[in-house]
Amino acid sequence: MKPKQPSRLFTLSLSLLHAPQALLAVLLHCVYRVFLTVIHLPFYLRYPSLIFIDTLCMCASLFYKIKSRFSLAPNTYEGAEFTPGELSYLALYMLGQKIRLLPHHHIVDLGAGFGQAAIFLSKFTNATVLGIELQDHLALFSQRLVRLFCRQTCHIQHANFQHELPSAD
């Protein structure tokens, strides 16, 4: 005999009990984004499209967090190692300066997430950037951003980088 599953209403009501914690997490995330915006101001002035990219990524990130919080379907990639991280353009800029990235270089971004790092490095260095993302919804989102903002020097692929790495040029 199959065990009885809890009703959808019961499961949703249990999720709503955690709503204050989720609201606090969203509030702290927004405060952190304001902090990052202040740090990124010089890059926003140089590359105004980054403002739009970051705004889209922040909205998408909040949407996916809320969706996964209230979703009754199991999340295949649940866990900290599969969540999109925050990005510091300052750190990428300093890294690019330190290793002297040039337009003829090829860069691979494993775990590209929303594609922000790949797009920034493509704009900042004019190098060819390949982003590889495991989660299909993030890869699709980042491919759309790349088509809008830097289709010539940046490409995003949906792949499992443990087994399906694309061949290098």
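Val-129 stands opposite Cys-154, a residue of strand β3. The structure is a predicted model, in which local features need pLDDT of at least 70 and side-chain atom pairs count only at pLDDT 80 or more, while totals for chains, interfaces and linings use all residues. Residues are numbered from 1 along each chain as its sequence is written, and side-chain values use heavy atoms, with hydrogens and water left out.

Strand β2 (residues 128-133) runs parallel to strand β3 (residues 154-158), and 5 bridges join them. Helices (H or I, at least four residues) and strands (E, at least two) are DSSP runs, numbered from the N terminus; two strands pair if DSSP finds at least two bridges between them. Together with helix α6 (residues 136-149), β2 and β3 make a right-handed β-α-β unit. A crossover is right-handed if, with the strands pointing away from the viewer, the path from the first strand over the helix to the second runs clockwise.

Strand β2 is also joined to β1 by 5 bridges, again in parallel; here Asp-109 has Gly-131 as its bridge partner in β2. A right-handed β-α-β unit is made by β1, α5 and β2.

Leaving aside residues up to four places away in sequence, Gln-116 touches Ile-53, Asp-54, Cys-57, Leu-87 and Tyr-89 (heavy atoms within 4.5 Å). Just after α5, Asn-126 takes a positive phi of about 60°.
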